[in-house]
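User: I have a model open and would like to learn to read its features. Please take me through a few.

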Amino acid sequence: MKNLIELDKKHFIHPTSSIQQQQEKGAKLIVEKGEGIYLTDINGDVFIDAMSSLWNVNIGHGRNELAEAAADQMKKLAYSSAFSTFSHEPAIKLAAKIASLAPENLNAVFFTSGGSESNDSAVKLVRHYWKIQGQPKRRKIIALKRGYHGVAAASTSVTGIPEFWDMAGHLMNDFIHADTPYWEGTEKAITSLRSVIEEEGAENIAAFFAEPVQGAGGVLIPPSNYFKEVRELCNEYGILLVADEVITGFGRTGKFFGIENWGVTPDLMTFAKGVTSGYIPMGGVIVSDSIHNVLKEKSKGTLFHGFTYSGHPTAAAVALRNIDIIEKEGLVANAKAMGVHLLEGFKKIKEQLNIVGDVRTIGLLGAVELVQDPATNKRFPAKLQVAPKVVEALHERGVICRAVTYENTDIICFSPPLIMNPSQIDSMVEKLHDAILSVQKQLVHHTLN
Ligand code: PMP
């Protein structure tokens with residue numbers, strides 16, 4: 001154990017982590033095993049993985065079927081390329097399967113290894129689309145404040161959380177962010193979007209990117225009419241609509257794809273995470289028939305965009321088995337039902353404790369906001385670190401979840417595996433209640449002193 005912590009400190013640069021914290025305190029958790037909704041660390045302590053790790057282990061941990069799918073495929077053909085129109089059965093079948101699940105007119109898939117690559121690919125694809133249509137000026141990308149779309153070259157700039165721009169030095173040219181519908185409401189958010197479009201000039205805009213539900217921004221669920229209005233606005237100005245389904249795809253929100261909750265069809269969808277439940281890296285971009293037709297007719301010569309692992313046969317085989325499990329076990333419907341149950345639990349906590357503000361779920365994506373005064377939504381001073389303290393108190397009680405604190409918010413996010421049953425939800429909610437209560441007591445103590 002000690003040796004692993006020392007080696008971790010010395011050699012492992014962790015993604016999206018505090019290097020200082022790692023050096024001072026060592027790795028937070030060294031996980032050894034996963035089974036169902038649980039993770040076990042090297043000390044034998046067991047935790048509910050209430051985030052499905054990084055919102056991705058949709059079918060839960062430890063499913064042998066996926067290990068078998070990988071082993072079978074590896075023994076046959078672990079890897080071969082899909083460049084230069086080389087092809088193989090797993091990627092062909094997966095593309096066809098995804099097309100059958102996506103909204104009716106989205107039928108062609110470009111594969112990547114994850115969400116950031118998918119959004120970078122979508123940025124390049126939409127620009128290429130406009131260029132071969134004779135509108136090369138359409139390069140600008142509009143996205144939402146607090147949206148998260150990844151950390152690669154373009155996806156960092158699609159992301160609307162300024163903390164992520166720092167390391168790149170600055171936001172890239174031609175990326176603009178409009179107001180978040182969860183905070184502003186549909187009318188103001190649409191007005192903000194319209195004014196961005198008019199300021200930038202519709203003839204310069206390639207696409208609008210948004211998550212159907214903003215995940216890393218704090219599980220921000222838009223008002224139900226927001227995306228209908230976005231679709232109309234995009235149609236009015238000839239702008240492509242890209243739905244980032246990296247978190248919301250593959251059942252997370254109680255629909256197969258998150259955008260289905262809002263009754264609109266995007267022109268492109270990006271996906272990753274849940275496509276393989278995280279068992280192996282994979283992502284992609286699904287494009288509409290009309291975009292695909294333009295590519296088929298007008299994209300001449302080589303499309304100079306492709307990853308070594310685009311359509312990786314082993315990843316594709318795992319994805320096919322994963323999707324099969326999601327369908328056969330009815331996990332989309334389960335996510336929907338369990339999301340309702342989880343919300344009831346959150347509401348009970350809100351009745352019992354007096355630092356709970358908005359609580360929300362959509363399928364098994366949920367959030368609890370902590371505020372100083374629920375009546376006015378007055379937030380706590382950032383220095384009190386209320387949400388991180390609750391996450392820590394939950395950790396001590398055997399639940400792993402995530403705090404979101406950008407812009408002085410205190411949001412506790414939940415994204416548990418889609419296999420959750422009611423008693424597992426109840427136990428998670430009970431621990432959440434105890435954790436918030438313990439922090440609430442500390443806060444009273446703090447203010448009294
Ligand atoms: N888009 C969204 C909505 C995401 O939540 C994430 C990852 N959290 C990404 C893109 C980036 O995906 P990846 O980390 O696989 O590159």
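User: Which residue stands opposite Lys33?

Analyst: Elements come first: helices (H or I, at least four residues) and strands (E, at least two) are DSSP runs, numbered from the N terminus. Here, Lys33 stands opposite Thr40 in β2. This is a predicted model, in which local features need pLDDT of at least 70, side-chain atom pairs count only at pLDDT 80 or more, and totals for chains, interfaces and linings use all residues. Residues are numbered from 1 along each chain as its sequence is written.

User: How many bridges join β1 to β2?

Analyst: Two strands pair if DSSP finds at least two bridges between them. Four bridges join β1 to β2 (residues 38–41), and the two run antiparallel. Both belong to an open, mixed sheet of four strands, ordered β1-β2-β3-β13. At its edges are β1 (31–35) and β13 (399–400), each pairing on one side only.

User: Which residues of α13 are buried?

Analyst: Buried means that 20 or more other C-beta atoms, placed from the backbone, lie within 10 Å of the residue's own. In α13 (residues 386–396), that holds for Val386, Ala387, Val390, Val391 and Leu394. Down the axis of α13, they fall within an arc of 140°, so they line one face of the helix. The arc is that of the directions from the helix axis to the C-beta atoms. Gly398 follows α13, with a positive phi near 85°.

User: How many residues surround the ligand?

Analyst: A residue counts if its C-beta atom, placed from the backbone, lies within 6 Å of the molecule. Here 15 do, and the closest are Gly114, Gly115, Ser116, Gly150 and Val246. Helix α6 (residues 115–132) gives the largest share of this shell, three residues.

Note on methods: A residue is buried if 20 or more other C-beta atoms lie within 10 Å of its own, exposed if 12 or fewer, and partly exposed in between; C-beta atoms are placed from the backbone.
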